[in-house]
Amino acid sequence: MGHLEDHRILPQEVKVALSAQSLSVKYGKTVALEDVGFDIPRGAYCAVVGPNGVGKSTLFKCALGLIKPAHGSIAVLGGSYLPKVHRVAYIPQQSEVDWDFPATVFDAVRMGIENIPPVWSSARKALNEQVLNYLDRVGLKHLSQRPLKNLSGGQQQRVFFARALAQRADLYLLDEPFSGVDAKTEEDLICLLREICSLGKTVVAIHHNIQTVPNVFSHVLLLNGTVVACGAVADVWTAENLRTTFSPREKRRVVLDEFEREEKEGLSHAL
């Protein structure tokens with residue numbers, strides 16, 4: 001597992017990585033999430049799927065303690081977020097990041113490490129090597145001293161993945177992690193996330209390309225202001241659930257029709 005094998009592992013009794021019960025969130029009088037309930041098991045590689053504006057990012061911010069629920073609760077690694085802040089890695093949408101922040105690639109990744117030894121400490125050299133190892137895992141070691149603002153969109157996303165690795169987290173919350181990256185970068189990051197999950201860690205990612213979900217993820221949370229379905233992809237990834245999830249968005253009709261056609265063809269071939 002390369003430089004991931006020394007990561008902290010949760011106690012075996014923690015079976016659910018992220019869960020919600022009767023969760024409701026409001027912005028003023030606007031209801032963003034209503035009566036949301038789900039359990040995402042430890043070790044899952046889970047996609048959060050739904051139309052724009054139905055509370056996917058709000059769900060993450062609620063889990064991170066940035067938004068207070070109007071009703072209900074959300075649990076992170078079996079409890080509240082604050083005591084487990086160092087066990088959760090969050091990658092926001094690229095549009096939410098100030099890329100003009102005066103930092104190098106190396107600096108951005110090192111800031112993800114919980115305890116940084118002082119400059120005069122012998123442990124500082126070992127930590128710096130560790131940072132370079134994480135950058136190597138995402139193919140950016142050769143750009144370690146480049147300013148963040150001088151990177152391409154795909155390179156910027158790789159920096160965030162390296163930073164998340166440096167946090168040595170047990171739960172990864174990723175808001176559109178493959179947005180704006182090329183096919184090769186997406187493939188590399190998908191493989192890296194699978195490796196993370198193989199260690200018993202959990203990845204929950206907001207994902208918009210519904211046609212790739214069955215081939216990439218093990219679990220899916222279908223969300224449309226409330227939960228349509230949540231579980232293993234093999235159990236809940238159906239045309240009926242997708243139709244319910246995207247029913248307010250007519251522009252998704254073409255995608256759903258194509259999905260249904262492929263599903264029927266696959267069934268006929270199987271018979």
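Modeller: K184 and D188 make a salt bridge, with 2.8 Å between the closest N and O atoms. Before we go on: this is a predicted model, where local features need pLDDT of at least 70 and side-chain atom pairs count only at pLDDT 80 or more, while totals for chains, interfaces and linings use all residues. Numbering starts from 1 along each chain as its sequence is written, and side-chain values use heavy atoms, with hydrogens and water left out.

Colleague: Why is the K184 and D188 pair called a salt bridge?

Modeller: The rule asks for a side-chain nitrogen of Lys or Arg within 4 Å of a carboxyl oxygen of Asp or Glu. The closest N and O atoms of K184 and D188 are 2.8 Å apart, so the pair passes the 4 Å cut-off. By this rule, the count comes to 6 salt bridges.

Colleague: What separates K184 and D188 along helix α5?

Modeller: About one helical turn, because they are 4 residues apart in α5. Helices here are DSSP runs (H or I, at least four residues), strands are E runs of at least two, and both are numbered from the N terminus.

Colleague: Which other residue forms a salt bridge with D188?

Modeller: R158, with the closest N and O atoms 3.1 Å apart. That pair links distant parts of the chain: R158 is in helix α4 (residues 153-166), D188 is in α5 (residues 183-198), and they are 30 residues apart.

Colleague: And what makes R158 buried but D188 partly exposed?

Modeller: Buried means under 20% relative accessible area, exposed means over 50%, and partly exposed is in between (1.4 Å probe, protein chains only). R158 has 12%, so it is buried; D188 has 28%, so it counts as partly exposed.

Colleague: How do you know that D107 and R110 belong on the list of salt bridges?

Modeller: Their closest N and O atoms are 3.5 Å apart. Both sit in helix α2 (residues 105-110), 3 residues apart, about one turn of the helix. D107 has 26% relative accessibility and is therefore partly exposed, whereas R110, with 18%, is buried. There is also a network of salt bridges linking R87, D170 and K201.

Colleague: What makes the rings of Y45 and F217 edge-to-face?

Modeller: By the rule, the count comes to 1 aromatic pair. Rings of Phe, Tyr and Trp (its six-membered ring) pair if their centres lie within 6.5 Å; planes under 30 degrees apart count as stacked, over 60 as edge-to-face and the rest as tilted. With centres 4.8 Å apart and planes at 65°, Y45 and F217 are therefore edge-to-face. The pair spans 172 residues, from Y45 in strand β3 (residues 45-49) to F217 in the loop between α6 (213-216) and β8 (219-223). Both Y45 and F217 are buried.

Colleague: Why is β8 called largely enclosed?

Modeller: Because 5 of the 5 residues of β8 are buried. H219, L221 and L223 point one way, V220 and L222 the other way.

Colleague: How do you know which strands β8 pairs with?

Modeller: Two strands pair if DSSP finds at least two bridges between them. β3 and β8 run parallel and share 4 bridges, one of them between V48 and L221. β8 and β9 (residues 227-232) are antiparallel, over 5 bridges, and L223 has V227 as its bridge partner. Their hairpin has 3 residues between the strands, and G225 there takes a positive phi near 85°.

Colleague: Why do β2 and β4 count as edge strands?

Modeller: The sheet is open, with 3 strands in the order β2-β1-β4 and antiparallel pairing. β2 (30-41) and β4 (71-76) each have a single partner strand, so one side of each has no neighbour in the sheet. β1 (residues 16-27) and β4 are joined by 5 bridges, including Q21 with S73.

Colleague: And what makes α1 largely enclosed?

Modeller: 6 of the 8 residues of α1 are buried, so the rest of the structure largely encloses it. Those buried are K56, T58, L59, F60, C62 and A63. After α1 comes G65, with a positive phi near 75°.
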